[in-house]
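Please read it with the sequence and the coordinates at hand.

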Amino acid sequence: MVLPYFTFKIGGQAGQGVKSAGLMFARLATRSGYWVHNHTEYPSVIRGGHNVTSVTVSSRPVYAPTKHTDLLVALNKETVSLHNTELIAGSIIVCDTNIKLDDNLDEQVICVSVPINKITREIGEGELLGNTIALGCATALLNANLEHINNLIDSEFADKSPSARIANRKAAKSGFDYVTVNFPQYIKPVLAQRQNVIPLSVLNADDTVALGAISAGMQFASIYPMTPISNILHTLAPVQKDFGFIYKQPEDEISGINMAIGASFAGARSMVATSGGGFCLMTEGYSLAGITETPLVIVEGMRGGPSTGMPTWNEQADLRFILHAGQGDFPRIVLAAGDPEEAFHLTLKAFNLADKYQTPVILILDKNICEDDQSYGAFEFSRYQVNRGLLTTNKEDDYSRYKPSGDGISARTIPGCGNYFIANSVEHNAVGYSSEEANNRCEQMNKRMKKLQTYSEEDLPPPILYGPEEAEVTIVSWGSNKGAILEALNCCLKVNFLHLTRINPFPAKEVSDILKKSKHILNIECNYTAQMAGLIREQTGIEINDRLLCYDGRPIYPEDIIDKLTNITDAVIK
Amino acid sequence: MTELNDLATPYFPSYCPGCGDIAIWAAIKKAAVEKGWDNTNTTLVAGIGCHGHMVNFIKITSFEGLHGRAIPVSTGIKMVNPRLNVLVITGDGDLLAEGGNHFLHVCRRNPDMAILLFDNGVYGLTTGQASPTSPQNYISKSTPLGNPEIPLHPLAVAIAAGITFAARTYSGDIAATAKMIAQAVDHRGLAIVDILQPCITFNKGFSHTYYQDNTYVLDTNYDLTNKTWAFEKSLEWGPKNIPLGIFYREERPVLETVVSTTNEPLVSVSPNKRDISELLKKYV
């Protein structure tokens, strides 16, 4: 099955500017009035290795990449051999005239040969113009306005040398003109300018987590670089003076989480972000934040494990690890985002929850939403307010930091305001003095764990069920699979989708009520052991036997889900 | 004004009678009374080890964190509230073994805080294993055949990594130790005081007598701005050859000023919802 979208794909060696060209194409599409979804695949190297970005375009919202490619820009021969099976009748390949195409290529595939290398040499500014020439070609082929590309080049090269900007403008125009003159018969109005549309923003979850943190009044972030969350720090670091927060690069993730805990203890809204390997190093600090009741937002962007695993590819195999990380029992609040917009809203929420419950809050992302861009209109968060919870900075009489309370929450204070307390990693009494006395231990443990009950009563919304209430198949999933599943729902009948974002505490009753009514449950996730299905069984007693699991590092595609659904029952066929 | 009584907690130190920690406890309180440290201006950050118990015996707001991690916690505090006087209480296992990486990098960063290194050359709380400052061939529970490693010179490491104040005292001299702690806090930048102390239970070699017989005070001609001299002195160790005093001092911009993004300490302004509409424009 071919999804009703136009998919542009550009591939080449790492270092040929594939990702930046992909993003530029996405913005060309949004500025022309369309919706996009970007998916990038690349190996963990800086030069060499195959990089590819696909941009799926439509006049309505798009949530996932497609399996087919309509326009393939091949900056090298390898791109053609790796991706020619994705081409369909009428697809176009744009490549250099020197690239010899395979004889076995479908005869209905159109080849637009452009002297990319020759034009590059003529402009004379080095090898990195190939991507821009190709963008110029694509702009012409899709009947888009070259002025959009010129504007994008101007902002991309605003901080760089004027000669690079001029050379890229020339490159785009050369590609555009070459196609206009030599291949007018293949021009289709795919990106013809739509009128009266407000251009959308193109954002990934790294962007939206950073933007969410800034909106939420975050004051301190210490983030050690790691794929796929480095872009969070790249977004935060340059604007810290504009917004008045501190980003500090630590020497390792252990330092990162302990610095953030120190900053939070001192009164600053604090966060860290990492991937699975870095979170392994953070787990002792995670538990420390739990017992000292220090608010902290931890972002964990999963990637392919175990160990270094597949560092630039997707996986959702850290769920169980995150749920059980850190020694001992302490109140763990765990959220998971399924797309960049959800990541934005959950980031805002996470800061308030951390402050209210004085405990670490983990926001789980996965590589595909961290690095894949999606188009959005303005996010609605006008009602959001910073809530710091029970915090006093005045000198109080008879102050006790860990005083037992009905909801498990005690008034927090900060050093320097005159209130005496110890934030103590050792079990402690109400003041914070170390205590291993049995009754006190139970009192403090009960107090801390009580927060989860309060959270469940006051802050745990029911899960979201997409699609019709009555369905032949109910899909259960979480994280980045959301996009592909929503696309599949659009193509099928009588399928609904239970999307889980609140992982711990878990909305067990609501999930149970929905699943008990389901005729057929399909679990979809990107790991080997069906970790979410296991959690659902633990929380509800419901065993899900039908599973679509993906652990090859690639995204689950809408087409895979549609195939799976139609194999379950014909009733879903539209 | 801080009185000695203001610093009293309901708990008396749980240290072995004669432990060097008791003398250091006295020295910190003496410095606190003289300098007026209290809950409005000071915070203590400790790691894990016998030293860490001290937060229960001095009534100054404290953070007792993880083994080896007092440095990043204190650095985080200092960055968001530069007005706080931050004292790090740590041990030779805590700072130099488990926390060695943080120790190197905090010396490069130079936050304005003081590290008090309770240095007894042994792991006391875990009942007697070799530490990074135990002598070579030292017999302990973890080194029954003799310590195969040579000891680390903490001040040499600190000076090499860029610390701006390095000093050593002997815990038995409470007055000198108190004075040195006060000087370390007064220094603008990162200070370390390597406080030699006996562990009377698990390290019989580093006794009070040993320190009294083998230490000497750097003489008045010593140039404490000379980094080469400081480095040489920091490597000295042995019979009659353990220097005490300030080894090195320099002025360098402090971390919290370098990374500051606000006029007032970050924590003095309550965080508010921020307007990101300008920032969002670059994503269109």
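## Helix H13 of chain A

Of the 18 residues of H13(A), 16 are buried, so this helix is largely enclosed by the rest of the structure; a residue is called buried if 20 or more other C-beta atoms lie within 10 Å of its own, exposed if 12 or fewer do, and partly exposed in between, with C-beta atoms placed from the backbone. Helices (H or I, at least four residues) and strands (E, at least two) are DSSP runs, numbered from the N terminus.

This is a predicted model, in which local features need pLDDT of at least 70 and side-chain atom pairs count only at pLDDT 80 or more, whereas totals for chains, interfaces and linings use all residues. Residues are numbered from 1 along each chain as its sequence is written, and chains are lettered from A and ligands numbered from 1 in the order in which they are written.

H13(A) covers residues 340–357, and at 1.5 Å a residue its 18 residues should span 26 Å, which agrees with the 25 Å between its end C-alpha atoms; the expected span is 1.5 Å times one less than the number of residues. Just after H13(A), A:Gln358 takes a positive phi of about 50°.

## Strand S12 and its partners

Strand S12 of chain A (residues 333–336) is covered on both faces, with A:Ile333 and A:Leu335 buried on one side and A:Val334 and A:Ala336 buried on the other. S12(A) runs parallel to strand S13 of chain A (residues 360–366), to which four bridges join it; strands are said to pair if DSSP finds at least two bridges between them. Within this pairing, A:Leu335 stands opposite A:Leu363. The path from S12(A) through H13(A) to S13(A) is a right-handed β-α-β crossover, a term that applies if, with the strands pointing away from the viewer, the path from the first strand over the helix to the second runs clockwise.

S12(A) also pairs with strand S21 of chain A (residues 502–504), here in the antiparallel sense and over two bridges. In S21(A), the residue opposite A:Leu335 is A:Arg502.

In strand S22 of chain A (residues 521–525), five of the five residues are buried. A:Ile521, A:Asn523 and A:Glu525 point one way from this strand, while A:Leu522 and A:Ile524 point the other way.

Strand S19 of chain A (residues 473–478) runs parallel to S22(A) and is joined to it by three bridges, with A:Val476 standing opposite A:Asn523. S22(A) is also paired in the parallel sense with strand S23 of chain A (residues 546–549), over four bridges, and A:Glu525 has A:Leu549 as its bridge partner there. Together with helix H18 of chain A (residues 531–540), S22(A) and S23(A) form a right-handed β-α-β unit.

## The contact between chains A and B

The contact takes 56 residues from chain A and 45 residues from chain B, where two residues are in contact if their C-beta atoms, placed from the backbone, lie within 7 Å. On the side of chain B that touches chain A, H2(B) gives the most, with eight residues.

Strand S17 of chain A (residues 422–424) and S2(B) run parallel and are joined by three bridges, and the bridge partner of A:Asn424 in S2(B) is B:Glu64.

## A:Thr7

A:Thr7 lies in strand S1 of chain A (residues 6–13) and is buried, with 25 other C-beta atoms within 10 Å. Leaving aside residues up to four places away in sequence, A:Thr7 touches A:Ser54, A:Thr56, A:Thr66, A:His68, A:Thr69 and A:Asp70.
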